[in-house]
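Hello,

Here is the structure I promised you. Please open it alongside this note, and my findings follow below.

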Amino acid sequence: MELKKISNRIYYLPAEEETDRPVIGYIKGDKYSLAIDAGNSSKHVEKFYCELNNAGLKLPDYTVITHWHWDHTFGMHSVVGKTIAGHLTNNKLKEVATWQWSDDDMKSRLETGKDIEMCDKCIKLEYSNRQDIKVASADIEFSGSLKIDLGGIYCEITEIEAPHSEDSVLIYVPEEKVMFIGDADCEDHYDNNGQYDKDKLGCFIELIKEIDFNTYVLGHDKPETKEEAISYLMEELKTLS
Ligand SMILES: [Zn+2]
């Protein structure tokens, strides 16, 4: 089984590098369960649900999105239950839903900088037939923050300022001291040439220092401890002039 267990209530499906599939998280409440991110395609969602079935876990009632990038959202149209996104994410998803996927359309987005090489390459690998790409916006949109009581456990979902993307959303589970951050602490590949913005990174480090968590679940890597996450980001911050 590929599904990993963080605690009796928290699991995740690890990332897959080949087509840039991100981590999908799972929080099990007594009443509701909630997934973090929808993955990059129906096939990715199917794989996640199959793993949940094998583990005897019910399919999610809610799926929260960490940011608009394709690898975290193109599975949204095929999830069960309701999808939730911050207002900036949802606005961007509505724009991406109008994109066409022919070779020419994709090439012109690369030329205008609307999309980037890495995503272009991985989308072509994930989708042998790009007619299958369906971009959906979320059922539930919020601004600021949202608290969901899942029964015996709750999660706080908050729009934050982060170096990776303007629309970053953080999912924090206080009872378990676990935080899902998507790609929030990574460089910005769309608007800042794959570089860190020093101020945004500095603010992000200060923000997470204030939060009481032990497990830091990344979008494309293994979970880290709070100390590991902060020391890595402090090193990155030092290299920026
Ligand atoms: Zn991203």
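Two strands count as paired if DSSP finds at least two bridges between them. Strand S8 (residues 145–149) and strand S9 (residues 154–159) are joined by 5 bridges and run antiparallel. Please keep in mind that this is a predicted model.

Some detail on that pair. Ile 148 stands opposite Cys 155 in S9. The hairpin of S8 and S9 has 4 residues between the strands. Gly 151 takes a positive phi there, near 95 degrees.

S9 has another partner. Strand S10 (residues 169–173) is joined to S9 by 4 bridges, and the two run antiparallel. Ile 157 has Ile 171 in S10 as its bridge partner.

Now the helices. How do H6 and H7 lie relative to each other? The axes of helix H6 (residues 198–209) and helix H7 (residues 226–238) come within 10 Å and cross at roughly 160 degrees. Angles over 145 degrees count as roughly antiparallel, so H6 and H7 are roughly antiparallel to each other. H6 passes H7 in a left-handed crossing.

The contact involves several residues. On the H6 side they include Leu 201, Phe 204, Ile 205 and Ile 208. On the H7 side, Ile 230, Leu 233, Met 234 and Leu 237 are among them. By class, the contact of H6 with H7 has 8 nonpolar, 1 polar and 4 charged residues.

Last, the annotation. An unreviewed UniProt entry gives "domain: Metallo-beta-lactamase" for residues 21–220. Over residues 21–220 the chain is 30% helix and 22% strand. The end C-alpha atoms of that stretch are 8 Å apart.

Best wishes

Note on methods: Residues are numbered from 1 along each chain as its sequence is written. This is a predicted model: local features need pLDDT of at least 70, side-chain atom pairs count only at pLDDT 80 or more; totals for chains, interfaces and linings use all residues. Side-chain values use heavy atoms; hydrogens and water are left out. UniProt positions are given in the numbering used here, feature names are shortened, and annotations may be inferred rather than shown by experiment. Axes are lines fitted to C-alpha atoms, for helices over the stretch in contact, and angles run from 0 to 180 degrees between N-to-C directions. Angles under 35 degrees count as roughly parallel, over 145 as roughly antiparallel, 65 to 115 as roughly perpendicular and the rest as oblique. A crossing is left-handed if the near helix is turned anticlockwise from the far one by less than a right angle, and right-handed if clockwise. Contact means heavy atoms within 4.5 Å. Ala, Val, Leu, Ile, Met, Phe, Trp, Tyr, Cys and Pro count as nonpolar, Asp, Glu, Lys and Arg as charged, and the others, Gly among them, as polar.
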